[in-house]
Amino acid sequence: MGLPEIIRELRNIAGPGSVLDRPEDLMLYEYDGGVRKSTPGAVVFPQTAQQVSAIMRAAAAAHIPVVARGAGTGLSGGAICKAGGIIIAFSRMNRVLEVDVENLRAVVQPGVVNLQLSEHVSHLGLYYAPDPSSQKACTIGGNVAENSGGPHTLLHGVTVNHVTGVEVVMPNGEIVQFGGKAAESYGYDLTGFFVGTEGTVGIATAITVKLLRKPESIATLLAIFESVDDGARTVSAITAAGITPAALEMLDGWTLRTIEAFCHAGYPLDAGAVLLIELEGLREAVQEQAIAVSEVCLQQKAREVRRAKNEEERALLWKGRKLAFGALGRVAPSYYTQDGVVPRSQMAGVLQHIGEVSKKYDLIIGNIFHAGDGNLHPLIMFDLRDRDQYERTLAASRDILQYCIDVGGSITGEHGVGMEKRDMMRQLFTDEELDVMISLRNVFNGDDVLNPDKMLPVPRMCREITGPSSNPVLVQEGM
Amino acid sequence: MSTTAVVTRVGRELIAICGAEHVTEAPPERILGCAPSVAVRPGLAEEIVAILRFANENDLTVVPAGGFTQQQSGNVPAQIDILLYTSRLTDVEHYDPGDLTIGIGAGSAISQLSAMVGKDGLLFAGDPPLPGRATVGGLLATAMAGPLRHGFGAPRDYCIGIRFVAGDGRTGKGGGRVVKNVAGYDMMKLMIGSQGTLAIITGASFKLFPAPRQTRTFVAHFSTGAEAIEYQRRILRSPLDPVCLELVSPEAHRLLVPASPAGAAWSICVRGAGSDTVLTRYRSELGPAVAREMDGANELGFWRCVADFTPLACEKPDSLLLSLALPLQEVQPVLANLEQIAASGGFTLAAIGRVGTGHLLAALWPTSGRQAAKSDFIAALSALRARLPHHSSMAVLYCPTELRSETGPLQTPTHLESMRAVKRTLDPKDILNRGRFPL
């Protein structure tokens, strides 16, 4: 079956108005938040798990690659389809199926927007904790695929810590359930394994997530420093004082000024760095911790520590942080965000290294850190039309990630491996360790129909990998 | 190696891999009465690779072992060719208190790990039974969690990296040593709770927490389980965020504190952490239901006993010990069902658990002076299974030996055929813990 036949089949399955195949429509789906592009053959908008199952069966039979897509906000190319493949877009599966207040769970379709879930349950005093910066647009389904984080994951954990169950459509069309509403399910933890597989194992069609009670009290502090070094040292000093903030973010001076010019969040224009620190919990505990954190900051040479007096001031401080990426768009035609992670004690060193990389490659690099968990987002400014700049950007980015690996860190903390960092996986894992992962992918996705060419690199050696489908797949370097 | 033992072909091969001093023919250990042919203590992951390859080539079964604290669960093994101890894998792979992480070998005892990080004011969140013997590998393989689970999460929440040798002899790895990491599949999740049926865990990395500077435990008493659960739900709806929140039934209390008076009440035990001001707030929120407070050594001793409930319950003759993972709202109905099953079947029920996370441990044993027939146990189990709520899991942690093969399949909402496919992929010849934890 060729593409035209498949498109006809997709229309039969999902309805005539649920498939896009005109070039001008497909162009909107050829990119995500990263830097790569690839044009799909068709985009289909299913409304039920049964339709997803039928689409999967048709695509698998025709050996056409399939990629599930939420809002396309991902930064690693995870939602880009192999040329001519099918994108299953989840914008019409965007309902909150159930809010179970007694069990503190919600069951949602994958297309539900992250922030909308928290808004949906807000009147009950509840919220959904993982809060990626793109939370106004990104979907829970995409968050599950990438195991997304966000500023408040320091205290509450990332997506996988908040997903207890998932209904999955397998590449063969079978609809299966992993986990449920209980905090854990016995046997192999396939729910936990599934989260973060970047769409290479199956497609989630219903997701059971934890809902948390809103804290009684929140304190948001802005600590202002003359240098990033002082800021970095303060991060360690806060944890050494026995305090785990809900969020602990750092922005360097250049980034601060750029954001301030864009959205007037009230950030100081002459600072070297700021820490945005949030504490939450019992009123008494938050009050004591806020005092303790202020003292630690001042001991570590903070020029000033401001505390948001009300919800409005708090929202303003966070607005700057969450709009940072948009603000940077004003400075250069393009920017490249990296997502390296270092052990927390290596913070000052990696900042120094990024400074050197900026000089070496002659590029402006802004820094936004989830400092509390060592997750850095260096933002490299460049012009995509300038080939030389583009090449230098990629080289600078690799240089930074290499440093992260060398000090015992990782190439991605929350954005995923996707296409761009796939080759660097070899520096974190041996061929055999990758082979174990590939064999597990083949358990579910033996013909590599789902999101091919993502996350797991092709092993160096030519070898046979046998999937449960009993069709040995010959994988070869360069295929 | 004992000088009197005959050196078998398997023994010879293991000696070649690990050295004679690390191989014991016909060791004294028994798993539910089954005697291993040979025990081996490899010192390196490479040696485990060699052992597992040899076992695969010769169709030998391998049982991984840590501190031998949880080996009494599962079915009776038909045969144990090699008992593989991880006790020599104790290297600290990375530890900088400023990172709040540690990487350590699977054979390390939990109490050693806790003491090491405790010196730096940090807390390791795993508090399994018998921590002096229980190992890191065993904690992960059994997904064992103690009372700290309520405040700090389960192993799946704080384990950030894992190293293992799969049943087929391939070495695997997941995560690393940083707290946020999405490079590659989350192999930690697959290994945690896999009961040693997929791989032999050789080492792991963990997130650590700043240790609370001060804690205090408040104990509230109730005349029924339902009232206790209702109170617990009130705490969950309050702004309090205790580090432990435990339900203890009257019989469970007697098991933990044998000197306690007969007719003791149901209790909810709340362990708060923070300054005097914070603990005063706890007192006012918890209200007049609190009958007693504990701190210091008294408090530590109490929580140590709570964590050791499992081995204490197994000591009761003919006990059946169940572990249940439930949606929060189902804890009370399941508890009521257990009480009813115990009453009608002539059993005594001891229940304990981190009920704020939906976790319940229930031990049933024949009420004194009564002999329970095998059929009574089976009737109790099937009554429980028949009314197990949707979304729930149930596992038999311990039961009389003659009941082992009749406890029925694992109760879980997760698709069983997918689990079986994973098992076939990592351990195709089913050499690891064969027959003990059937899916």
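Predicted model: local features only at pLDDT ≥ 70, side-chain atom pairs only at ≥ 80, totals over all residues.
## Overall form

Chain A contains 16 helices and 20 strands. Its C-alpha atoms occupy a box of roughly 70 × 55 × 45 Å along the principal axes. The radius of gyration is 23 Å, which agrees with the value near 23 Å that a compact globule of 479 residues would have.

Of the 479 residues, 59% count as buried. Among contacts between residues at least 6 apart in sequence, 70% join residues at least 24 apart.

## A four-stranded sheet

Four strands of chain A form an open sheet in the order 1-2-4-3, with mixed pairing. Strand 1 (19-20) and strand 3 (66-69) stand at the edges; each has a single partner strand, so one side of each lacks a neighbour in the sheet. The partner of strand 3 described here is strand 4 (residues 86-89), and the two pair in the parallel sense over four bridges. In this pairing, A:Val66 stands opposite A:Ile86 of strand 4.

Two helices pack on the sheet. Helix 1 (residues 3-14) touches strand 1 and strand 2 (42-44), and its direction makes about 10° with that of strand 2. Helix 3 (residues 49-61) touches strand 2, strand 3 and strand 4; the direction of helix 3 makes about 175° with that of strand 4.

## Setting of A:Arg426

A:Arg426 lies in helix 15 (residues 425-428) of chain A. The residue is partly exposed because 14 other C-beta atoms lie within 10 Å. A:Leu456 is 30 residues away from A:Arg426 in sequence, and their C-alpha atoms are 9.1 Å apart in space.

Technical notes. Residues numbered from 1 in each chain as written. Chains lettered and ligands numbered in written order. Buried ≥ 20, exposed ≤ 12 C-beta atoms within 10 Å, placed from the backbone. Rg over C-alpha atoms; globule rule 2.2 N^0.38 Å. Contact = placed C-beta atoms within 7 Å. Pairing = 2+ DSSP bridges. Axes fitted to C-alpha atoms, helices over the stretch in contact; angles between N-to-C directions.
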